[in-house]
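Please read the points below with the model open beside you. They go through one residue at a time and then turn to pairs.

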Amino acid sequence: MTARGLGRTALAVLSGVAYWAACPPCGLWPLALVCWVPLLVAMRACSRRQAALLGGVQGVVANLLLAVWLPEVVGSFGPLSPVACWGITFVLCAYNAGGVALCAWASHRAASHGWSAGAAFVLAVAVKEAFYPLLFPVVAAVQVHQVPALVQLAELGGPVLVGVPLTLANVGAAELVASFVDRRRASRAWLAVAVAAPLVTLLFGLWRMAVIDARVGAAPEARIAIVQANTPHAGTTLRAAIESHVVASQRIESEGPVDLLVWPETALAGAIATGELETTLRREVLHGPGDAGVARLRTPVLSGAMLRHGHEHTNSAVLFDPSGAVHGIYDKAHPLVFGEYIPLGDRFPKLYRWLGNAGRLTAGSLDQPALPLGEHRIATLICYEDLLAGYTNDVARQTHPDLLVNLSNDSWFGDSSAAATHFAMATLRAVEHRRYLVVASNSGVSGFVDPSGRSSLETSLLEAATRVGVVHWMSAPTLYERVGETPWWLAACAVAAMLVVPRRRLEEAMVLGRYHDDESGHRGRVQAGAARWDALGRRDALRGDDARARSRRAPIADRNG
């Protein structure tokens with residue numbers, strides 16, 4: 001590798017490190033405005049293949065740093081060596097990095113067709129975040145979750161739109177650096193965009209937060225309690241898990257009334273048959289081992305539970321009242337790969353023997369109703385479902401909830417950054433739908449998020465804790481709920497057009513088509529079109545693009561002959 005190649009690779013590595021540092025738990029959010037700059041500068045004057053490789057290097061570095069906790073988690077699924085765990089982690093990170101490589105490749109190819117490389121990169125990154133399938137989707141929006149004013153665009157276009165101004169700022173900053181290195185004048189348009197994009201986003205966010213705060217103040221409120229029992233990840237009996245949550249809930253009730261108790265994903269450990277659910281709740285939860293005949297709780301409970309439907313098992317959420325009556329059940333619709341099922345495991349049963357600790361759960365339906373609490377509706381998400389912006393949007397559009405609740409068990413992450421990252425990414429769902437989000441995690445992080453994305457009463461990792469917060473019931477739909485991913489499908493079409501159609505041909509068709517000689521013989525329009533096209537050619541010549549200037553003059557000459 002040449003010295004220039006090493007320099008470009010070093011810049012790509014620096015870009016990956018900066019991207020990681022901008023994300024939680026580091027949280028150096030100003031780096032979100034410049035983390036792509038080293039990669040974009042490195043991509044100057046290189047081949048298309050080299051651009052893709054540089055993008056891959058950036059992606060691998062960023063993903064490996066973000067997933068340092070993953071090898072230990074992979075090892076918990078079965079008897080795998082540390083080398084195998086790290087190997088699987090590297091493969092997953094390399095796959096994730098493929099999205100960045102595609103963005104770099106697309107930007108280079110679009111530039112070769114005469115389109116703006118910066119504009120193509122911005123659109124390509126947006127399309128990648130919207131549609132590139134990832135096990136744990138990390139988007140640029142999470143880099144600025146600490147600055148709620150910068151994430152308010154999520155109500156218009158989801159988390160992808162939050163990242164667009166950040167990428168625009170990166171492209172503008174890269175243009176400034178490249179102009180200094182190349183000793184040329186920087187594009188004033190890109191410099192203006194680099195300043196205006198985050199500034200306009202900030203001003204819009206401050207205005208919208210004030211509007212939403214006023215709406216929150218006028219909405220009816222409720223007191224919600226979270227129980228984080230910090231029960232062990234494995235080896236806990238149903239009775240022991242229940243008792244730890246009941247005792248904490250009784251302590252909450254003794255301090256004042258609440259409208260709902262929220263228990264995390266693993267609160268009701270062990271498989272409970274659906275036909276015996278209410279009986280089990282009355283015997284084990286409400287009356288307890290002594291069965292004194294008096295309910296131990298006087299507040300409705302929304303709890304995670306493992307339910308058995310014949311020979312199938314589901315990871316579910318159950319809403320029941322102090323009498324033991326079940327008001328609603330939600331079955332997790334997106335089981336976690338390897339954690340709760342193995343792809344193709346039913347076709348190749350040996351996979352379950354190789355990974356003995358992997359789950360074998362059945363996915364719930366995609367069109368389940370919200371859980372009713374009086375006149376209000378609660379949309380429940382389990383585990384990493386709150387990371388899936390598209391699925392959460394579908395749930396909100398179909399069920400029109402007044403509150404979002406997530407039940408999680410992040411204890412298998414251990415004392416790592418993964419749980420904090422999970423909570424940070426979940427905060428975006430509150431802004432996208434302008435609802436309160438309540439997160440109850442078995443071992444943390446639990447807490448409340450208001451409709452503007454501000455979190456409160458967060459718990460620490462790996463400790464038993466309770467939190468009581470006030471939420472407001474809100475149900476007005478957002479633009480993102482109405483349009484979904486439609487803007488990003490249009491962006492994908494734009495990127496595809498840049499990759500296929502040279503800009504010169506499009507401009508020629510637009511100019512000559514507008515002034516084409518019709519059957520009536522209006523040759524003046526053709527002459528005007530020729531003059532316009534020739535003017536574009538002279539402009540390109542002044543900019544030093546002689547090849548493009550000649551390509552403009554040739555078609556006109558053919559038509560004037």
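Notes on the model

1. S15 touches C35, W36, P38, L39 and Q58, leaving aside residues up to four places away in sequence; contact here means heavy atoms within 4.5 Å. S15 itself sits in helix 1, which covers residues 3–22. Helices (H or I, at least four residues) and strands (E, at least two) are DSSP runs, numbered from the N terminus. The relative accessible area of S15 is 0%, so the residue counts as buried. The classes are buried under 20% relative accessible area, exposed over 50%, and partly exposed in between, with a 1.4 Å probe and protein chains only.

2. A word on the basis of these notes. The model is predicted: local features need pLDDT of at least 70, side-chain atom pairs count only at pLDDT 80 or more, and totals for chains, interfaces and linings use all residues. Residues are numbered from 1 along each chain as its sequence is written, and side-chain values use heavy atoms, with hydrogens and water left out.

3. Next, the backbone. Most residues other than glycine have a negative phi, and most peptide bonds are trans. The peptide bond from P24 to P25 is cis, with omega near 10°, and P25 belongs to the loop between helix 1 and helix 2 (37–42). A cis bond also runs from G444 to V445, with omega near 5°. V445 is in the loop between strand 10 (437–441) and strand 11 (447–449).

4. A45 is exposed because its relative accessibility is 76%. R183, also not a glycine, has a positive phi near 55°. R183 lies in the loop between helix 7 (154–182) and helix 8 (188–218), and its relative accessibility of 79% makes it exposed.

5. Now the charged pairs. Side chains of opposite charge can pair when their charged atoms come close. How many salt bridges does a search of the whole structure find? The search finds 15, where a salt bridge is a side-chain nitrogen of Lys or Arg within 4 Å of a carboxyl oxygen of Asp or Glu.

6. E155 is buried at 6% relative accessibility, and R208 is buried at 10%.

7. R239 and E284 also form a salt bridge, at 3.1 Å from N to O. R239 is in helix 9 (residues 238–254) and E284 in helix 10 (residues 277–287), so the pair ties together parts that are 45 residues apart in sequence. R239 is partly exposed, at 42% relative accessibility, whereas E284 is buried, at 9%.

8. The side chains of E253 and R298 meet in a salt bridge at 4.0 Å, N to O. E253 lies in helix 9 and R298 in the loop between helix 10 and strand 4 (301–309), so this pair ties together parts 45 residues apart in sequence. Are E253 and R298 buried or exposed? E253 is buried, at 4% relative accessibility, and R298 is exposed, at 59%.
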